[in-house]
Structure formats: structure tokens, C-alpha cells
Amino acid sequence: MLPKVLDIASEFPTPAYEQWRALVEEDLHGAAFEKKLLTRTYEGLTIKPLYTAEDLARSVAAGAVAQGAASGVPPYTRGARSLAAVLAGWDIRQEHAEAEPEVLNAAILDDLENGVTSVQLRLDAASRRGLDPDGYGADGLVGVDGASLATAADWDRAFRGVHLGMITVGLEAGSAFVPGAAMLAALWERQGLSPGQCRGCFNADPLAVLAREGHLTMGLEESVRVAAELAVWAGERYPHVRSIRVGTAPYHHAGATATQDLAFSMATGLEYLRAMVRAGMSVDRACGQMLFSYAIGTGMFMAMAKLRAARRLWSRVVEVAGAGRSDAAAQRMVMNVRPSKRVLTTRDPWVNILRVTSCVFAAASAGADSITATAFDAPLCGPGASPSALGRRIARNTQVILQEECHLHRVNDAAGGSYYVETLTEELARGAWEILQQIESRGGMMSALASGWISEQVRRARTPREANVASRRDAIIGVSEFANLGEQPPMPAPVDLATLRVRCAARVQAARPAWGATPDVAGATTAVARAWRAAAAGASIGQVAGVAGVGIGGAHGVGATLGEALTAHPYGEAFEHLRDAADRLAEQCGQRPRVFLASVGTPAQHLARTTYSKGFVEAGGFATVGAEGDVDGLAEAFKGSGASIAVICGGDAQYADVVGVLAPALHRAGARTVVLAGHPGEKQAEYAASGVDRFIFVRCDVVKVLSELLAQEGAVL
């Protein structure tokens, strides 16, 4: 009979780390522990297979845990709020970029009626430069990557039936953050909202815009100054609006590590904080104007540790800057999180549902204030197109299920206290602090970005990962592994941008007579004040930008440019490029390029390498045909295969007897290239002499081999 109090721990003595290590090394049968069980991350950190209290005790984070620090308490590692998240959950924020107002309105209403609690509105490429659809320079930009909302009527149509006093509206207005903010503020006023009812994020983030797009309509320093001016204006007017966003997505999408991402956000936050203080704001009020936005990948524990470290770092940064002396809440970070573009794929896009779920889980578990889930088909959208209703539905329901059915918000900082996560959080914070010091020594984030130093650091960080993806050491499911050549992705319908521009321009021209002369902005001494006066008078976004002097060629001088914009580099892009080339070749030739798998020996002898070879070539868009048997039978089968490439698949024992005969037989049968599956070792010269042209094996450069094989078949890469 079991005792009333069952104390299992007392029955089993706690083993020492040395005892555990000895047992593990015994099971490794002589293999090096460090080589087999330690993992080196792209941040330069070493991940161990086991973490103990001793690891935690060696970190600075241990002090915070030992003192009983919890969520809502500086340094906010465990969460910015103590009870609000547990009671209400996180803010489910959906991004909208539908090009035309009526379509945008239907999508927004659908989302709000089915679980979304706030909206992120992305303006199109023309509006983000402060251009009207019929304006000079807008050709090719109208409706691209966002909504074309040029007039007050456009904004009214887009938000018809939306009770703006009940939701937060986030704005992505690029360089035109002042005109965009003015248009949104004018919409609030037309809806009759008092300043206290308005909830929004203007998201002025000129450093991120310069990094992502490579240009600004104003100079960089001037853009930051005007962003601070917007913060002063909004801070005096709207108690529930944040004006400044610290967004690191351009760096993350381009390949930045977690430590770089954190350091860039801290350095960017410092630049904006200093600008707001120069504009006359107190440090505490300036902190209240900031929203931090992070992109995270599918490495769940790394993502959780990064978000926890971000809060801790910012608390320390603003503490040094003097924030929170009277109210520690000023040190709290408000954080929006979304999945990174670099983990999403265009091939087998259904897998994106799982990737997004992983990202949302990590963000929610780490205490994000708002989360934006990406539609699985978003990477498939061309210029002017937007994710499908199904894509939006799955994205929002991913969050709704994790919140309403899985109750992730019911536990604050679920990973808190984990020896692994706490140690990883501390190591990321330390690494980011070192990079932050380097940036500050170079004059701050503005100087580091403008000089190209940031771009170079990101490029260096991206290179080793690209090599590991190319060798399939880092697998991309549905792309480099388990490719589905017969898939029919749900491609969004293409958009005729020229026709779209005509429609958008017609709406602007129809509204223009009502504007009359240039809006009277006499007495408005700042760009923000002029923009607000113009927007309130019903001017278009292009006219607002012109009156405020913040558009292209405006009063604030020549815009800033970056030598090279930080473009997104999805992990699977190299393999997707190969698949695209193979698809084009298949369309030209009427059939997909083929590879013949010549399997030698019994299934037990060849199956592993046959399976490996099939996955290898299918990742490049090749179809496979194959046979197993003796030399004569395989050569004969090859003749009728329609392939010009043959891969010999078998075991090393069979290769010693077969390769020297089979390789020349396959060449005689018409094979242009004979490939051997498996590392040849010391027999490479012997096999090559017998007719083997290439060798494929674990950790070889798969992208390079497939590129050369496709080029040989006539594909244009």
C-alpha cells in the first residue's frame, strides 16, 4: 500500500553532474562529448544537453530569480505586466494591406467579428512616400504592398462600420509617418472620438524604413527629429497613442542573429529616446511613446529567450538614462511580435501554418503584448495581391485557439525558472550588450547604419546559416526536405497594377474639387501641426505631405539613401530558386527534368541511399525514376527512363564490386552524368576514373550540385 505522502525524491538520490556525464560518455562509445552533444548557435553561444542550478547560479539572471523578481517588476525579464495578461490575454493584431478601401473594409470587419482585437494597417508604396495615386513618381507604386488610402473618403470607406474607439489601429506609413498619422487622427475626429478614446500606434520608425527600403523622403537626422516632433504632438494630445516604433524586422529578415537583433533594437531605441528628450520631453514620457516590434523564428526557446532578454535590456538602458526614478513603470517595454519572413516559404506553404503556430506560441509564452500572425499564403502574394480569406482566418484562429483553448496567457512567463531558458536569456543579453557598446562607439545606430557597418554585420551573420541550409544541415521542410513536386499551391490572383492605379487616381481626382485651394496652415509652426491642419481640412495624403514639407523634395531637403537596402533572405530562397528554374524548364520541354536512381543490392543495402538521393534531387525540382538489379538490367532500364543523369545508390560493400562496371555501362546507355551516392573516401580517384562524374553525400553543397545539374539540363538559373 502506498503511503499517504509519497516522496519520490527521497527514494532516489540526486546524482551529481559528474555521474551523469560519466554515463553519457559510456553510451557515446568513445565519441567526443563536446562534438556530439554541444551545439554552437549562430550567436556564438554553446548549447549544452543539460542545465542545472549551477548554470543559473553563474548568471546575473540568477540574482533576479533568487530575489523573487516576477512579471511586472524591474527588470521585467519575466513580463511587463503582472496580472493584465493573465486576465485579458494578449492583443490579437492582424495586419491588413488590401489595396482598395472596399476590399480592405470587408477584410477588417471579418477579422474583428471573428476574434481579432486590433488592426495593423499597411499603406501602399506610393502612400509610404507621401504620393497621391496620380502624383508624379507614383507609377508602379500604387497598390503595391499595401492599401491605397489617399483621401479622407478612402479612409472613411476603409473603416466604415468599424468602431475605432474600441480597437487599436497600428499604422505602417514608411517615410510618410507624419502624413499617415495626420490622416488617421483626422479619421478619429470625423468619427467623433475624444482624444481619450483614440487608441493607436503611429509607428514612426525612420531607421527601419531606411534599412528596409534604402531611402527616406527626408534626411536621416531630420527624419528622426520630425519623428520626435510627432511624439511630442501625440503625447500632448492622445493619452493612449504611441508614436515611435523600434522595429528590427528588416535586420532579422535579412539574417541578423538574436544578439544582433537585440542590440540593434536597443541602439535604435536610444537614438529615438535622445531625439525626444532633445525635443523637450522628459525621459519617462518619451519611454511612454515607444513600441518595440520584433520578428522571431521557429527556434522556440531562442525566441522566448530573446523576448525576455529584450525587456531586461531595455529596462537597464532606460534606467541608466534616468527613466523610472519616480515610477518604475517607465522602464517597461511594450512589445509587438510577429513571425519572421525568413522562416516562411512559397513552396509547400501549408507548412507555414505550423511555423506561424510555433512563433505565436513562443511570443505568447514570453509575454508579448500584441502578436501579429502571418497568413500562410502571404509569401505567395505578388505586387498588389493580399493573403486569402482562408489565410487570414487560419492566422487569426491560430491565436484564438492558443489563447481561448490552450490558455497560454494564464501563466506568466511559463519558461521562467528553467535553467536552460534563464541561462540562454542571460547569455543573449550579455552578447547584445557587447554589440550595443560597439554601435555606441561608432556614434550610435544612425551612424552605424549609414556607414554600412550594420549591413556588413548582418551579411556576415547570414553567411554561415546559408552554408548550412545549402548543405541541408539546416532542413527546410517542404523545400530542402520532403519536397512535393506535385503540389498545387493556392496562388493569389495576379493584380493589374496599371488598372488599379487608374481606379485609385480617379477617386483622388473626384475628391480634389472639394479641397479647393491649398489648406490654410498659417500659424502652424511644425511639420506635424501643418500636416494635422491639412488632413483635418480634407487634403489628400500627397497634399498633406507637401504642405508639411515631408514629402519627396519637400522643405526638409534631400532624402537619405542607403548604399544597399537590407532585403529579406528567406531560409529556403536558394532551393526555391532552383525549383522555379526547374518549373520553367518543365514548361518549356513538356516534362520535368529527370534523374534515374540505379539501386544496387538488396533493399536493405540500398534503401537508405536511394531515399537520400531521391530527396536530394527532388529538392532541386527533378523528377525521379529508378530500378534495382544487376548492371545489365540497370543500364537497359536507364535507356527507357528519359533521363540523362543517373545516381548509383547502394552500400559501400556493393560499390567496391559494382561501380567500376556500372558507371561506364550507364554512360554507354546514354547517361551524360553519373553520380555516386555516398562519400567516396579514399576511393574517389578510382571511382572517378571508372566514370563517376559527381559524388553526393551528407553535408555536401546540395545547392551547388543541383544548380550545376539543372544548368546541364538547360535550365536558366
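The buried residues of helix α20 (residues 453-470) pack against α12 (249-254), α13 (258-278), α18 (419-441), α19 (445-450), α24 (573-589) and α29 (702-713), where contact means heavy atoms within 4.5 Å and buried means under 20% relative accessible area, exposed over 50% and partly exposed in between, with a 1.4 Å probe and protein chains only. The model is predicted, so that local features need pLDDT of at least 70 and side-chain atom pairs count only at pLDDT 80 or more, whereas totals for chains, interfaces and linings use all residues. Residues are numbered from 1 along each chain as its sequence is written, and side-chain values use heavy atoms, with hydrogens and water left out.

Among the buried residues of α20 are Trp453, Ile454, Val458, Arg462, Arg465 and Val469. Helices (H or I, at least four residues) and strands (E, at least two) are DSSP runs numbered from the N terminus. Helix α20 has 18 residues and reaches 26 Å from its first C-alpha to its last, close to the expected 26 Å, the expected span being 1.5 Å times one less than the number of residues. Just after α20, Arg472 takes a positive phi of about 65°.

Ile454 also belongs to the largest nonpolar core, which has 199 residues and in which Trp155, Phe159, Trp188, Phe202, Tyr251, Ile439 and Ile454 have the most contacts; a nonpolar core is a set of buried Ala, Val, Leu, Ile, Met, Phe, Trp, Tyr and Cys residues joined through side-chain atoms within 4.5 Å. A second, separate core of ten residues includes Ala125, Ala126, Val142 and Cys504. In soluble globular proteins, nonpolar side chains tend to be buried together. When residues up to four places away in sequence are not counted, Trp188 touches Leu164, Leu193, Cys198, Arg199, Gly200, Phe202, Tyr238 and Val241. Trp188 and Phe202 also form one aromatic cluster with Trp233, Tyr238 and Trp532.

Rings of Phe, Tyr and Trp (its six-membered ring) pair if their centres lie within 6.5 Å, with planes under 30 degrees apart counted as stacked, over 60 as edge-to-face and the rest as tilted. By this rule the count comes to 15 aromatic pairs. Trp20 and Phe33 form an edge-to-face pair, 6.2 Å centre to centre with 90° between the planes. Because Trp20 lies in helix α2 (residues 17-27) and Phe33 in helix α3 (residues 33-37), this pair ties together parts that are 13 residues apart in sequence. Trp20 is partly exposed at a relative accessible area of 25%, whereas Phe33 is buried at 4%. The charged end of Arg21 sits over the ring of Phe33, 3.7 Å from its centre, the criterion being NZ of Lys or CZ of Arg within 6 Å of the ring centre and within 35 degrees of the ring normal.

Strand β11 (residues 594-599) is largely enclosed by the rest of the structure, because five of its six residues are buried. Six bridges join β11 to the parallel strand β12 (residues 623-628), with pairing requiring at least two DSSP bridges between two strands. The bridge partner of Ala598 in β12 is Ala627.

Most residues other than glycine have a negative phi, and most peptide bonds are trans. A cis peptide bond, with omega of about 10°, joins Pro74 and Pro75, and Pro75 lies in the loop between α5 (60-66) and α6 (84-88). Tyr76 is found in the loop between α5 and α6, has a positive phi near 65° and is buried at a relative accessible area of 2%.
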